Amino acid sequence: METMKGKVVMVTGAAAGIGLACAEAFARAGATTVLADINTPEAQALQLRNEGHDAVACGCDVSDTRAVKEMVGWIVRTYGRLDAALNNAGIQTPQRPMAEITDEEFDRTVAVDLKGVWNCMRYEIIQMLEQGGGAIVNTSSQGGVTGFPGQAAYIACKHAVIGLTRTAAIDYAARGIRINAVCPGVIRTPMAEELMRRNPELEKELVRDIPAGRLGKPEEIANAVLWLCSPQASFVEGHALLVDGAFSIH
Ligand code: NAD
């Protein structure tokens with residue numbers, strides 16, 4: 001069903017994992033979809049165009065305020081509007097106890113995982129105010145409501161993304177912009193595979209702690225994100241939606 005027909009959508013971190021699954025879902029639902037990533041996702045956008053969908057790639061480092069401003073400006077000049085956005089690009093810091101994380105690691109994590117979301121939201125909101133509304137989803141994590149060993153900087157950012165989402169939702173609710181967060185559990189993506197590669201026992205340990213008994217799939221996050229951006233979620237604002245197989249309530 002082409003539920004997003006006529007909509008213009010941007011997704012960051014769209015070269016792989018959750019971002020790619022969400023971009024594919026938006027494009028297959030009929031949206032004009034901009035796939036943004038620090039590694040320009042040309043092949044991924046081409047694949048979608050070959051399937052008959054409307055998709056375009058854009059190289060952008062979300063920690064770079066000017067690059068984000070230029071990208072949103074380009075989208076608006078090219079397509080005339082921006083109806084929905086998923087601010088999803090993220091990185092993890094090396095797995096080690098908090099006091100051993102270096103300044104550089106902390107600063108880069110904050111620059112991408114928190115300031116990257118901040119940068120994108122600012123320019124998306126300016127355009128959405130101009131056109132009279134829109135929907136934004138920010139990718140937090142189950143780690144936005146729980147802790148995780150050895151990931152202090154990353155977890156701090158994911159908590160902060162929920163705070164940012166809630167506050168911005170209040171600021172703009174009366175002006176037609178709905179802002180929510182999605183909080184994935186452990187999802188099988190290149191990011192999670194890398195963690196499990198470094199610690200081969202990790203997958204077994206994680207699955208033991210997930211009541212659903214398995215890791216999640218990127219498509220399961222995409223289903224939640226599409227719903228949050230749809231008119232069916234018209235009164236859902238400032239929500240942090242856990243999609244984690246019951247991990248965080250266990
Ligand atoms: P991934 O590493 O598989 O993909 C992340 C994408 O973001 C990559 O394509 C990467 O190139 C891009 N990216 C990295 N830095 C960027 C930057 N500065 N600017 C633009 N793009 C950049 O990761 P994923 O597992 O798909 O994670 C996506 C989001 O979901 C992240 O925010 C992550 O923290 C969050 N998340 C993932 C999981 C999981 O288990 N996979 C769980 C909870 C939350």
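Mentor: Let us begin with contact, which means heavy atoms within 4.5 Å. Leaving aside neighbours within four places in sequence, asparagine 87 is in contact with several residues, including Met10, Val117, Cys120, Glu124 and Asn138. This is a predicted model, in which local features need pLDDT of at least 70, side-chain atom pairs count only at pLDDT 80 or more, and totals for chains, interfaces and linings use all residues. Residues are numbered from 1 along each chain as its sequence is written, and side-chain values use heavy atoms, with hydrogens and water left out.

Trainee: Why does asparagine 87 count as buried?

Mentor: Buried means under 20% relative accessible area, exposed over 50%, and partly exposed in between (1.4 Å probe, protein chains only). Asparagine 87 has 2% relative accessibility, and therefore counts as buried.

Trainee: What makes the pair of tryptophan 74 and tyrosine 79 edge-to-face?

Mentor: The structure holds one aromatic pair. The ring centres of tryptophan 74 and tyrosine 79 are 6.0 Å apart and their planes stand at 90 degrees, so the pair is edge-to-face. By definition, rings of Phe, Tyr and Trp (its six-membered ring) pair if their centres lie within 6.5 Å, and planes under 30 degrees apart count as stacked, over 60 as edge-to-face and the rest as tilted.

Trainee: Which label does tryptophan 74 get for its accessibility?

Mentor: Tryptophan 74, at 30% relative accessibility, counts as partly exposed, and tyrosine 79 is partly exposed with a relative accessible area of 27%.
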